[in-house]
Amino acid sequence: GGLAEGIKDTFRHWKLVIRCSAIGALVGIMPGMGSGVGQFLAYAHAVQSSKDQERFGKGAIEGVIGPGAANNSKEGGSLIPAVAFGVPGGLHSALLLGAFTILGLTPGLAMLRPEQNLSLTYSLVWTIVLANLISVPLCFLLLKQLVHLTEVRGTILIPILLMLIYIGGFVTNTSGDMVMVLIFGALGWFMVTFGWLRPPLLIGLVLGDLVEKNLFIAVDAYGGFGWLARPAVIVLAIIVLAGIIVPIYQRIKPSGSEKNAIEPHWRLSYGALFSFGMIVTFAMALWTALGWPPRARVFPFAIFGPVLLLAIVNFIKDLRRQPWVETMKQTIAESNLDEASFRKRTREILVWILGFFIALWLLGFPFGIPLATFLYLKVASRESWLTSVAVTAGAWAFIVGVFGYFLDFIFPDPALLNLW
């Protein structure tokens with residue numbers, strides 16, 4: 001509805017803004033969680049607190065306001081552990097600590113005492129306030145120019161996104177990273193198709209190491225599982241259980257319009273088979289951990305035990321869902337394409353995803369990325385020679401210039417060179 005309507009929406013949902021700002025600040029205080037976790041939690045809260053949850057994913061403004069508020073507030077929260085304890089709450093606070101080191105400042109009590117560096121700490125707080133006051137009118141002035149970014153054709157964005165995805169998955173200087181990108185990409189597609197949420201998986205990957213370390217500290221400090229009796233743990237457990245049980249109850253309890261509806265038939269759908277596969281995976285993890293020493297079994301049992309129970313609940317729920325064929329028909333209808341065009345486009349993008357992988361594996365990043373990008377733009381997108389060459393040159397400059405020259409990145413040898 002325009003810029004003015006967006007501003008009005010923010011004030012209409014001012015309670016959501018305050019609640020999600022609090023979520024972002026609390027997440028910012030917790031070291032290692034990062035801004036992405038805060039935005040996901042804020043979005044989940046916006047969905048759960050809404051009276052009409054079906055609107056989310058279809059343009060509900062609360063789904064934008066909530067994560068936006070959390071994203072802005074987490075910077076202030078991340079200052080607390082960084083300044084008070086020297087523990088970075090995210091990337092920005094880690095850079096800030098690096099600046100402290102250069103200037104000879106030591107985080108801790110010295111930053112909180114009036115006779116020492118408290119004035120500097122207050123200046124950091126006010127810098128965040130002033131940054132928001134400056135950035136808001138600046139964004140208003142540049143809004144028309146920023147909107148043009150949404151007009152970039154998807155055919156140009158696809159090769160660029162594939163390039164960034166494969167680079168993002170490149171960690172250990174081996175081609176195995178690219179295989180993991182494909183595996184997790186396929187897992188993500190199945191999760192979307194069968195209604196499994198991806199943010200919890202991301203949060204688990206980010207916080208898994210931190211949770212494991214602190215679990216062992218708690219076990220050593222309180223002996224076995226004595227830490228479960230601590231008041232703070234009990235309160236958090238109640239909150240977590242409420243967050244799990246209440247949504248399940250709301251879905252099971254029929255509304256006025258659903259009381260007279262026909263009960264869904266029990267059926268073994270593809271979604272139920274996927275859930276069953278997850279049950280088998282978690283059960284195998286527990287079975288494997290049985291042969292480990294007692295101390296090593298603590299983390300797998302603490303994680304996979306509850307997850308296995310939730311997977312069983314989800315499997316039962318999937319048995320009552322509509323068939324996967326009906327879900328796919330709904331997806332095709334929402335894409336504004338006929339079924340033949342939808343399937344053709346799906347096959348084409350899968351081929352190009354694998355094509356990028358083969359090009360990177362055979363030729364390496366400096367040569368594989370430009371070649372795959374150029375071929376996609378000319379063959380699949382049928383772009384002009386000027387556009388294809390320009391985008392390809394930009395991709396090559398990004399790979400060679402940023403990663404090869406400035407970051408001194410060492411890419412793995414191409415498979416053709418090893419075969420030769």
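This is a predicted model: local features need pLDDT of at least 70, side-chain atom pairs count only at pLDDT 80 or more; totals for chains, interfaces and linings use all residues.
Where does Ser 73 sit? The residue is found in helix H4. Leaving aside residues up to four places away in sequence, Ser 73 touches Cys 20, Ser 21, Gly 24 and Ala 25.

Helix H2 covers residues 14-29 and helix H4 covers residues 62-85. Their axes come within 6 Å and cross at roughly 40°. The crossing of H2 and H4 is right-handed.

Which residues make the contact? On the H2 side they include Leu 16, Val 17, Cys 20, Ser 21, Gly 24 and Ala 25. On the H4 side they include Ile 65, Gly 66, Ala 69, Ala 70, Ser 73 and Gly 77. Sorted by type, the residues in the contact of H2 with H4 are 10 nonpolar, seven polar and two charged.

Now to another helix, H6. Helix H6 runs over residues 118-147, which makes 30 residues. From its first C-alpha to its last, H6 reaches 41 Å, and that is close to the 44 Å expected at 1.5 Å a residue. H6 is not straight throughout: there is a bend of about 50° at Leu 141.

And which residues of H6 are buried? They are Leu 118, Thr 121 and Leu 124.

H6 bends at Leu 141.

Conventions
Residues are numbered from 1 along each chain as its sequence is written. Side-chain values use heavy atoms; hydrogens and water are left out. Axes are lines fitted to C-alpha atoms, for helices over the stretch in contact, and angles run from 0 to 180 degrees between N-to-C directions. Helices (H or I, at least four residues) and strands (E, at least two) are DSSP runs, numbered from the N terminus. A crossing is left-handed if the near helix is turned anticlockwise from the far one by less than a right angle, and right-handed if clockwise. Contact means heavy atoms within 4.5 Å. Ala, Val, Leu, Ile, Met, Phe, Trp, Tyr, Cys and Pro count as nonpolar, Asp, Glu, Lys and Arg as charged, and the others, Gly among them, as polar. The expected span of a helix is 1.5 Å times one less than its number of residues. The bend at a residue is the angle between axes fitted to the seven residues ending there and the seven starting there. Buried means under 20% relative accessible area, exposed over 50%, partly exposed in between (1.4 Å probe, protein chains only).
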